[in-house]
Amino acid sequence: MRSPSPRSLVDLPIRRLNRGDLVPCADLCEDRGWPRDEHRWGLLLSAGNGYGIDAPDGKGLAATCLTMPYGSDLAAVGMLLVAGRYARRGVARRLMRHVMEAAGDTPLALYATEQGQPLYEDLGFSAVGLAERVGGRFGPAAPDGSAPAAPSRPAVTTRPAAAGDLRAMVRLDLAAFGADRTHLLTRLPAFSDRLQVAEEHGELVGYAALWPSGPSGVIGPLIARDTATAQALVTALAATTDRPLRADVDARHKELLGWLAERGLEPLSRTTAMTYGIPELPGDAARRFAPLTVATG
């Protein structure tokens, strides 16, 4: 059977994905050398809008893309994947154009790999920041065995999140992220292995989640009033698992990145934050340390 021509590939219909497509989506991740992450796909397909192109050879999906809407303020774009056998034939561009048309006037944001960035730039996206992916075994001291520096302020109090914390988490998150993520936050308790909050004098000053991805535990989102609060949340979450940790940290938070490096988390990769329709990401970058996942912005 002859493989489809480039012209016929870009003419293939695009359809909406649903939770029934979870396994084909995970298969496509595996095809591109990514972890299958069916757990994450379950969240993305239930909370977001998935788009896909069925493979013309009948073997699963040829391509996927997902948007995570935050009202009319913002939509995050992620999981733009094309099966290796259909790569570099215009499929990704065709699918992205469809997603952008479906978004209408809603501003878009995404995290681009080095390979994907030229396509997004060509479609009108602009680079606005960087995220550093770090991972490894979290330890209490620097790799050279030296003791951690003494804190300059009293230790931050953290505890497991309770049902009554949701309203305060939404308020805190809205200020940091700049768009309403209630539909994601309400799913965090079921999605996460652990959801931790930081508080001072009864007021929430940060929160973070730990969720499974293959052999690792991912920390995200990580929202905190300052670096010390972010460190306290990471330390508390790390104490609940024996898995290696991973996080995509906003590169502006150099103090946190240095602290994570001292505790064994090494640089893995880098992605570029990009926007379309707005000059910068909304919210307060000083309190936005790491996303839930780069696919959700």
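Select Tyr-207 and Ile-223: Tyr-207 sits opposite Ile-223, a residue of strand S10. What you have on screen is a predicted model, where local features need pLDDT of at least 70, side-chain atom pairs count only at pLDDT 80 or more, and totals for chains, interfaces and linings use all residues. Residues are numbered from 1 along each chain as its sequence is written, and side-chain values use heavy atoms, with hydrogens and water left out.

Now colour S10, residues 216-224. Strands (E, at least two residues) and helices (H or I, at least four) are DSSP runs, numbered from the N terminus. Is S10 mostly covered or mostly open? Mostly covered: nine of its nine residues are buried, where buried means under 20% relative accessible area, exposed over 50%, and partly exposed in between (1.4 Å probe, protein chains only).

(Two strands pair if DSSP finds at least two bridges between them.) S9 and S10 form a hairpin with two residues between them. Click on Gly-214 in that turn: its phi is positive, about 60 degrees.

Next, show S11, residues 245-250, which runs parallel to S10 and is joined to it by two bridges. Pick Gly-217 and you'll find its bridge partner in S11, Leu-245. Bring in helix H9, residues 227-238, and you can follow a right-handed β-α-β unit made of S10, H9 and S11. Right-handed here means that, with the strands pointing away from you, the path from the first strand over the helix to the second runs clockwise.

Back to Ile-223: its bridge partner in S13 is Arg-288. S13 covers residues 288-290 and runs antiparallel to S10, with two bridges joining them.

**Stop two: salt bridges**

How many salt bridges does a search of the whole structure find? It finds 18, counting a side-chain nitrogen of Lys or Arg within 4 Å of a carboxyl oxygen of Asp or Glu.

Select Arg-159 and Glu-199, whose side chains meet in a salt bridge at 3.0 Å, N to O. Arg-159 lies in strand S7 (residues 157-160) and Glu-199 in strand S8 (residues 194-200), so this pair ties together parts that are 40 residues apart in sequence. Arg-159 is partly exposed at 24%.

Then try Arg-40 and Asp-37, another salt bridge, at 3.4 Å, N to O. Arg-40 counts as buried at 7% relative accessibility, and Asp-37 counts as buried at 8%.
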